[in-house]
Amino acid sequence: MKKLNTKIMAFASSSSAISSVANVFRDGSYTTMLQTVDQSSTSTIYPSPPPKPLLIALPCVAGEFPVLILLHGYLLYNSFYSQLMQHVASHGFIVLAPQLYEMAGPDSTDEIKSTAAITNWLSEGLQGFLPANVRPNLSKLGLAGHSRGGKTAFGLALRKAATKLKFSALIGIDPVDGMDKGKQTPPPVLTYIPHSFDLDMGVMVIGSGLGEVKRNPLFPPCAPKGVNHEDFFNECRKPACYFVVKNYGHLDMLDDETKGIRGKATYCLCKNGKCREPMRSFVGGIVVAFLKAYLGGDSSHLMAVRDGHEAAPVELQTVQFLE
């Protein structure tokens with residue numbers, strides 16, 4: 001049997017305890033670490049590796065923590081989300097980001113099936129790749145996805161593939177269902193029937209104000225109107241919430257520095273804001289607030305942001321709740 005093949009990637013810490021709702025937009029009180037688990041990895045406890053390579057962000061203290069699966073956007077690497085993942089993990093969550101593919105065509109069916117396979121693997125395999133004193137609470141499981149990963153997350157939540165575990169929270173981070181209305185990529189998720197999504201869980205949709213704006217005449221917008229966050233939220237039923245961030249773009253929640261050819265492309269393909277940190281801090285914070293509400297039973301953070309009692313690090317052009 002091979003030795004556990006996990007690689008410690010980075011650390012982030014915060015010495016201050018969470019004392020107010022505003023802190024959801026800053027690092028939480030847990031020191032965190034990132035580790036990778038690939039498909040050649042085995043452990044002495046569970047010999048089964050994950051169906052896809054994983055990047056895992058987790059607190060560096062003993063305890064039992066809710067779990068969030070985060071799906072990357074089209075042709076992006078899971079490592080591009082490492083700062084966002086650590087932000088969420090620092091508030092007491094285990095965040096897993098699979099690398100669903102290296103290259104992909106327009107059809108996301110295989111990504112939905114792969115995410116289902118990863119979900120089904122969690123109960124048998126995840127603990128073996130975590131420190132012994134860090135335990136995943138799989139009864140508190142959330143699913144999130146960015147861009148095409150948002151479409152994939154909604155597709156799985158709409159039961160286009162079967163899972164053994166039940167999700168309690170669904171998050172679309174600037175989700176996209178194709179090139180335009182009538183040009184959805186398979187399998188289509190949007191039906192254009194208001195409140196048609198049959199989802200037995202809380203849902204949050206986060207949109208970027210600049211996502212539907214072209215960066216230049218050579219490229220289409222990264223989150224085209226007709227297949228973007230607005231359309232996803234229109235099909236949600238209560239309970240659901242919706243935040244649209246003004247003056248920030250489709251890729252502004254990624255790491256400050258994304259390397260390689262694909263990493264460099266993230267700076268030039270989409271209309272972007274001035275810098276990524278404010279948008280990433282907002283996305284991380286509102287994800288934490290939403291998960292605390294729907295996985296932890298504490299809605300105070302989410303309600304305070306909704307009611308404007310705590311200022312977000314960005315300007316919001318839309319805040320809407322279905323209750």
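**Notebook: cysteines and a pocket**

I began with C275, which is partly exposed, with a relative accessible area of 39%. I kept in mind that I'm working on a predicted model.

Next I looked up C236. This cysteine is buried, at a relative accessible area of 1%. Its closest cysteine sulfur is in C241, and because the gap is 9.2 Å, that is too far for a bond as well.

Then I asked how many disulfides a search of the whole structure finds. I got 1. A reminder to myself: a disulfide is a covalent bond between the sulfur atoms of two cysteines. Here the partners are C222 and C270, with 1.9 Å from S to S, and their link is left-handed, with -95° about the S-S bond. The pair ties together distant parts of the chain, 48 residues apart. C222 is in the loop between β8 and α4, while C270 is in the loop between α5 and α6. I also noted that C270 counts as buried because its relative accessibility is 3%, and the cut-off is under 20%.

Last, I turned to the largest pocket, which holds about 690 Å³ of space. I found 25 residues lining it, and C222 turned up again among those nearest the centre, along with Y74, S147, H250 and L269. Helix α5 gives the largest share of the lining, 3 residues. Sorting the lining by type, I got 16 nonpolar, 7 polar and 2 charged.

Terms used:
Residues are numbered from 1 along each chain as its sequence is written. This is a predicted model: local features need pLDDT of at least 70, side-chain atom pairs count only at pLDDT 80 or more; totals for chains, interfaces and linings use all residues. Side-chain values use heavy atoms; hydrogens and water are left out. On a 1 Å grid over the protein atoms alone, a cavity is a set of points where a 1.4 Å probe fits but cannot get out, and a pocket is an open set with protein on both sides within 12 Å along at least five of seven lines; lining residues have an atom within 4 Å of a point. Grid points are joined across faces, edges and corners, and a volume is the space filled by probe spheres set on the points. Helices (H or I, at least four residues) and strands (E, at least two) are DSSP runs, numbered from the N terminus. Ala, Val, Leu, Ile, Met, Phe, Trp, Tyr, Cys and Pro count as nonpolar, Asp, Glu, Lys and Arg as charged, and the others, Gly among them, as polar. A disulfide is a pair of cysteine sulfur atoms within 2.5 Å. Buried means under 20% relative accessible area, exposed over 50%, partly exposed in between (1.4 Å probe, protein chains only).
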